[in-house]
Amino acid sequence: MYSLIHYSRDNELALIGLHQAPVNALGHALRRELAEACRQAAADPAVKALVLHGQDLPFSAGADIGEFGSDFTWAEPSLPALLEQLESLDKPVVAAIAGVALGGGLELAMACGYRVAEASAQLGLPEILLGLIPGAGGTQRLPRLVGAEQALQLILSGQRLGAGKAHELGLVDRLADNRDDLLERACAFARELLADAAPARPAWPHAEPAAGLDDHYFDAYAARQVSRWHGQVAPQLALAAVQSAGQLPLAAGLALEQELFQQALASAQSAALRHLFFAEREALKIPGVTRDTALRPIGKVAVIGAGTMGGGIAMNFVNAGIPVVLLELKREALDRGLAQIRKNYEISVQRGKLDEVQLQQRMALFCTTLDYADLADADLVIEAVFENLEIKQQVFRTLDEVCKPGAILASNTSTLDVDRIAAVTRRPQDVIGLHFFSPANVMRLLEIVRGAATAPDALATTLQLARKIGKIPVVSGVCFGFIGNRMLEPYAREAHRLVLEGASPAQVDRVLTNLGLAMGVFAMYDLAGIDVGYLVRESRRAAIAHDPSYCKLADALYERGRYGQKSGSGFYRYAGRERLEDGEVIALAEQLAGTLGIQRRVISDQEIHDRCLFMLINEGIQLLDEGIALRSADIDLVWVNGYGFPAWRGGPLYYAEQLGLQRVLSGIRNYRETLGVYGETWLRPAPLLERLVAAGHQRIERC
Ligand code: 3HC
Ligand code: NAI
């Protein structure tokens with residue numbers, strides 16, 4: 001009778017096990033069967049109470065995100081209707097939560113009168129991360145369970161709570177030690193409720209969710225978040241919904257929530273964020289790597305170089321409980337690197353994210369060495385030494401000598417050819433690029449660079465490990481700068497050139513931050529160091545020599561010792577942490593433009609947007625055509641998670657699809673014609689973009 005529900009009886013209890021692999025997403029088919037199971041239990045006089053649980057699966061990851069936008073979203077029973085049916089039963093219902101109760105999954109649990117969770121369960125309302133608000137009662141029932149202030153914080157952050165914390169807050173009534181005793185514990189609770197003649201639903205602990213909050217609490221909250229929300233729709237809708245929980249009776253609040261949820265669901269921002277949700281999962285699917293690909297065990301990691309990147313990289317593994325050996329050239333460098341790591345952990349302790357015992361446990365997982373022999377038992381070695389091919393090749397020759405067979409040998413290079421590094425070893429199949437982003441212990445992006453010879457199991461192992469350490473891995477082929485930095489080049493080049501043509505660095509940055517980018521190009525270069533950018537250009541002088549204007553202003557700043565924030569001036573002047581426009585930079589740009597014969601003019605914000613963004617998009621499309629990126633969504637993930645592109649715009653290529661590919665192409669062609677030699681040199685439409693437009697495609701894919 002049921003295919004997604006295991007229905008059974010245990011004396012006076014009906015046990016309803018949800019079984020929609022892998023995560024019990026509440027799609028239409030499961031909702032229909034659950035509604036039927038509830039009806040069956042309600043109608044059976046022998047059943048006195050119900051226990052809802054995930055049958056050999058997590059409790060529920062919420063509404064089926066893949067259904068959004070299709071007719072199934074609201075097909076009856078809709079999720080809100082199902083939960084109202086559940087809530088109206090006159091028999092107690094206990095939710096037994098194992099694994100996760102997220103979004104609609106937690107809303108399902110809250111529609112039950114009682115909740116038991118196993119100790120490692122995670123609960124939360126992450127809808128906001130999808131540009132949504134909880135739409136099946138979350139904004140109304142959570143405030144009634146934990147109070148409006150706490151509910152607002154949980155709903156706006158999308159943060160997951162551990163079961164213990166959920167219990168403390170009153171979101172969960174009982175805790176089970178582990179998954180194995182969860183169902184038993186939930187059944188015992190249900191029997192207790194029956195023995196006590198407890199009501200089907202207990203009274204709400206916070207029947208007046210906003211009691212005690214100032215009249216202006218919600219307005220003041222919204223005012224504080226204006227710049228952080230930056231025009232995003234969902235946070236404002238979520239706030240309005242939670243506020244209404246304090247003003248309206250439940251039924252009216254639920255009706256309002258529905259309206260607001262529909263608005264969020266229809267928004268372009270939510271569509272963009274849902275695109276990224278699926279992109280993250282899709283990025284793990286790699287040609288040549290299957291579920292059956294055997295993984296190499298990784299019990300110990302070695303990191304070579306304890307500088308800016310090495311230390312952060314090492315912390316990732318230690319945070320996941322994997323011991324790390326750090327190797328350096330000199331003892332002082334090791335001491336410095338380790339001291340920095342300790343300092344980072346101490347900051348986490350000060351912020352309450354870690355306790356002193358955890359700090360000691362993590363530090364105990366590090367060991368240091370100057371001797372390559374100590375790397376013999378490492379399963380993965382990550383090199384993070386200076387960005388110099390000869391030095392890296394020398395390191396890999398040594399690794400080839402000392403490492404055990406099967407060890408994965410990785411380089412954190414940001415630009416160099418992984419194949420040329422692999423070529424100096426007798427085991428190129430074990431060599432791979434692992435391009436972490438700075439700060440490596442914080443940034444979630446990890447570009448995994450697949451060399452020509454990289455073995456599928458080495459790739460599969462690093463993909464899985466990346467997930468284990470909380471990264472978002474994206475596979476890239478080998479080319480200068482891989483996906484992210486290669487796209488940065490034309491984007492930043494246009495920004496630099498625009499300043500010679502008449503824009504100011506602040507104007508360019510403003511256009512980009514108005515679009516939602518975390519930082520403009522010039523603020524970013526000032527932060528990264530103008531000297532660093534200069535050194536990268538030095539290694540490419542031959543390739544850029546044909547354009548005398550190329551990053552000329554940045555070179556001139558370098559020559560004047562204006563290295564950016566660290567030297568107090570760069571494209572901007574700095575007064576402490578405050579960034580100020582600098583007339584000297586404009587004067588320098590004018591002078592350079594004169595020398596180069598560039599006619600300065602008023603530059604419109606639109607031109608800045610189009611030239612920077614279209615060239616970024618164009619390069620992404622070219623990377624796709626070359627096969628460096630496997631899919632356009634991978635490129636979106638790289639720019640959202642590594643370069644501050646606003647997630648709610650879905651990434652640069654998704655954004656291009658929304659703008660229209662025709663518009664991007666005609667924009668590039670237009671500037672190619674109007675910008676003279678410069679336009680002809682650099683503004684070349686990617687052949688794939690031309691083919692897509694000619695074929696009338698709206699989506700960016702290989703054709
Ligand atoms: N809907 C549809 N598919 C989902 C899903 C959901 N809510 N949650 C997970 N999946 C799918 C994934 O796409 C993936 O599919 P694939 O194997 O075909 O790629 C599969 O389930 C496994 O997911 P993960 O790879 O992410 O597995 P993990 O074990 O790493 O993580 C998880 C599991 C923590 C549940 C994570 O998937 C997750 O965070 N899911 C989303 C939770 C969420 O955002 N829920 C809110 C949904 S919106 C909602 O409920 C609206 C309501 O208020 C009306
Ligand atoms: P860094 O200069 O801070 O650290 C490099 C460390 O390597 C130094 O401590 C040095 O003593 C050590 N080292 C040099 N040669 C060595 C050798 N032969 N054996 C052992 N140790 C050696 O440099 P950073 O910034 O950490 O960069 C390291 C690598 O990471 C480079 O390839 C760089 O391109 C890459 N990278 C850097 C990013 C950044 O933002 N800094 C971002 C992504 C990648």
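Predicted model: local features only at pLDDT ≥ 70, side-chain atom pairs only at ≥ 80, totals over all residues.

Visitor: Which elements each supply at least two residues of the shell around ligand 2?
Guide: They are helix 12 (308-319), helix 15 (389-402) and strand 15 (431-436).

Visitor: And which residues come nearest to ligand 2?
Guide: Of the 20 residues around ligand 2, the nearest are Met 309, Glu 328, Glu 387, Lys 392 and Ser 414. Lys 392 places a polar side-chain atom 2.6 Å from an oxygen atom of the ligand. For Ser 414, an N or O atom in the side chain is 2.8 Å from an oxygen atom of ligand 2, and a polar backbone atom of Met 309 is 2.8 Å from an oxygen atom of ligand 2.

Visitor: How much of ligand 2 does the protein cover?
Guide: On its own, ligand 2 has 820 Å² of accessible area, of which the protein covers 78%. The shell residues comprise nine nonpolar, eight polar and three charged.

Visitor: Turning to ligand 1, which residues come nearest there?
Guide: Ala 61, Gly 104, Glu 107, Glu 127 and Arg 281 come nearest, out of 24 residues around ligand 1.

Visitor: What lies 2.9 Å from an oxygen atom of ligand 1?
Guide: That is a polar side-chain atom of Arg 467. An N or O atom in the side chain of Lys 285 is 3.0 Å from an oxygen atom of ligand 1. The protein buries 76% of the 980 Å² that ligand 1 exposes when taken alone.

Visitor: Which element gives the largest share of the shell around ligand 1?
Guide: Helix 11 does, with three residues. By class, the shell around ligand 1 has 13 nonpolar, four polar and seven charged residues.

Visitor: A change of topic: in what order do the eight strands of the open sheet run?
Guide: The order is 12-11-10-13-14-15-16-17, with mixed pairing. Strand 12 (366-369) and strand 17 (472-476) are the edge strands, each pairing on one side only.

Visitor: How many bridges join strand 16 to strand 17?
Guide: Five bridges do, and these two strands run parallel. Within this pairing, Ile 448 has Val 475 of strand 17 as its bridge partner.

Visitor: Which helix lies across strand 16 and strand 17?
Guide: Helix 26 (residues 632-642) does, running at about 130° to strand 17.

Notes
Residues numbered from 1 in each chain as written. Chains lettered and ligands numbered in written order. Heavy atoms only, no water. Near = heavy atom within 4 Å. Polar contact = N/O pair within 3.5 Å; in protein donor to acceptor, adjacent residues only side chain to side chain. Areas by Shrake-Rupley, 256 points an atom, 1.4 Å probe, with all protein chains shown as cover. Helix = DSSP H or I, 4+ residues; strand = E, 2+ residues; numbered from the N terminus. Nonpolar A, V, L, I, M, F, W, Y, C, P; charged D, E, K, R; others polar. Pairing = 2+ DSSP bridges. Contact = heavy atoms within 4.5 Å. Axes fitted to C-alpha atoms, helices over the stretch in contact; angles between N-to-C directions.
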